[in-house]
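Here's a quick briefing to read next to the model. Have the viewer open and follow along.

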Amino acid sequence: MNTTGFPFAASFVLGCLLAAPGRAQTPALPPASALAGQPTPAGPWTLQATVDYALAHNLSVRQSELTAQQQQATQRLQRAALLPTAGLNGNQTFSFGTNKDPFTNQFQAVNVRGNNFTASAQVTLFSGFQLRNTVKQGVLDAEAARVDIVKARNDLSLNVASSFLQLLLAQELIRASEARLSTVREQVSRSEKLLRAGAVAEGNVLDSRAQLAGEERTLVTAQNQRDLALLALVQQLNLDPAGAARFQVLAPVLPDPTAFAAATGQDLDPNATFELARQNLPEIKAAELRVQSARRGIDIARGAFYPRLTMAGGVQTGYSSVRTQQLRVTGEPIAVPVLQVNPAAPGGYSPSPYVLLTPQTTFQQLPYNFFDQLADNRGEFLQFSLGIPIINGLQNRVGVQRAQVNVQQVELRAEQTRLQLRQSIQQAYADALAAQRRFAASSRQVEALTLAFRNAEIRFNNGLLNGTDFNIARNNLTAAESDMIQAKYEFFFRRKVLDFYQGKPLSL
């Protein structure tokens, strides 16, 4: 194994969970130019402090919270649909030429100004329980959106923990590389002294210098990997990248992975972990809530088959500029002669000595002012509307069928979520067990290769071993040390994933 292979391995070790089934990826953050980066607080940072800060400042979590607030607003609208609707309406019209008076229905060649005012209210008495089922569906959707916030926080916590451990891994690889670099420098110095004393060949010195150059390149690669891991963590925390150089993490003392019995299956059962996670993880709860919401969708679609009964009532009035008031005026009575029958008179009638006093009545047209018309033209109405669906192009039937298919799709997604969760737990358990075993094997290999390297170093210093064989011994030890470090961090990350599924906090 070559020491330069650890950047790929480091990315693989702590990045596997992000690609594992059942775990949502952290949503992509906006470009750096769109972020209002926070100043870097004083450190060093622990894993718990890093996770807490990310939960408070990460934009993805904020987006989930806004989505939940939007769903709650939608739920309030659905509840408000159960309430009556009321409103006021008024209009004013100007008509020119021959027009019909809206109150007398008489046509007149006159300009007319008219006003109409209406106050009305309407309430749905029955709609096949569609409104109530819509409210119940909205409650489920709002609860699922609130659970999605917890899921977003959990996903962010896992991703931050992955970046945090990847940074620790890079820093430990740097320390190991620096220790090896110091040893190689001392070896080069000894080789040069032995060369001047004529104890070793010049080729040994050249081989040592080549090994020094290789270790320097390995150190630079490790430092680059550290910088990339640091940048990824700083971006997840929404910190100013310019202050990344001041960001420091507190490296905990990690125990020997072989001291843990959980990865061997003695105190950890993947099936029990799955049952515990299935009851507590938000993605499972959200999936089940959306199944219930989809079933409510069937009830809403079936409500379209029922009659719809609404009640409306209101008050209306109006005004017309051409409408007038007729005033009855009684004048002085007039005497009307009374005729009597007289066959001898012309026409058969002749005046009698009596007269009839008849009152004289006339009508006077007076203006009809605005407010008097509004009061006199007022009218009330109460209306019941019943709509019975008979046939509408099979839209209701197809709507029910679509709702039923949607339930099957949501149930399938829920089952897939549970399956992915089980597979993720099983994969994390298998990875933890493999990492523990690999660490144990690498530890034994490091012990054996350390003894072999010391023996090779003594032989090399005494001129009994050529530089090529000595470099092979050093490279074998370096590869074993790198693999042991990677196995240790992989084990602790997988262990933390299993602890997370059991509801334990992410801490080192």
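This is a predicted model: local features need pLDDT of at least 70, side-chain atom pairs count only at pLDDT 80 or more; totals for chains, interfaces and linings use all residues.

Residues are numbered from 1 along each chain as its sequence is written, and side-chain values use heavy atoms, with hydrogens and water left out. Helices (H or I, at least four residues) and strands (E, at least two) are DSSP runs, numbered from the N terminus.

- H5 covers residues 202-236, and its end C-alpha atoms sit 52 Å apart.
- That agrees with the 51 Å that its 35 residues should span at 1.5 Å a residue (the expected span is 1.5 Å times one less than the number of residues).
- Most of H10 is covered, with 28 of its 35 residues buried (buried means under 20% relative accessible area, exposed over 50%, partly exposed in between, with a 1.4 Å probe and protein chains only).

**A closer look at Gln211**

- Gln211 has its place in H5 and counts as buried because its relative accessible area is 9%.
- Leaving aside residues up to four places away in sequence, Gln211 touches Val184, Asn471, Arg474 and Asn475 (contact means heavy atoms within 4.5 Å).
- Arg185 is 26 residues from Gln211 in sequence, yet C-alpha to C-alpha they are 9.3 Å apart in space.

**How H4 packs**

- H4 (residues 130-196) packs with H5 at an angle of about 165°, their axes 8 Å apart (axes are lines fitted to C-alpha atoms, for helices over the stretch in contact, and angles run from 0 to 180 degrees between N-to-C directions).
- H4 and H5 are therefore roughly antiparallel (angles over 145 degrees count as roughly antiparallel, under 35 as roughly parallel, 65 to 115 as roughly perpendicular and the rest as oblique).
- The crossing of H4 past H5 is left-handed (the near helix is turned anticlockwise from the far one by less than a right angle; clockwise would be right-handed).
- With H7 (residues 282-302), H4 packs at about 165° and an axis separation of 8 Å, which makes H4 roughly antiparallel to H7.
- H4 and H7 also have a left-handed crossing.

**The sheet**

- Four strands form an open sheet in the order S1-S4-S5-S10, paired antiparallel (two strands pair if DSSP finds at least two bridges between them).
- S1 and S10 (379-387) are the edge strands, each pairing on one side only.
- From one strand to the next, the twist averages 20°.
- S1 (residues 85-95) and S4 (residues 112-126) are joined by 11 bridges, and Gly87 stands opposite Ser120 in S4.
- S4 is joined to S5 (residues 308-320) by 12 bridges.
- Across from Thr124 you'll find Thr310 in S5, and Ala119 stands opposite Val315 in S5.
- In a regular strand, side chains alternate between the two faces of the sheet.
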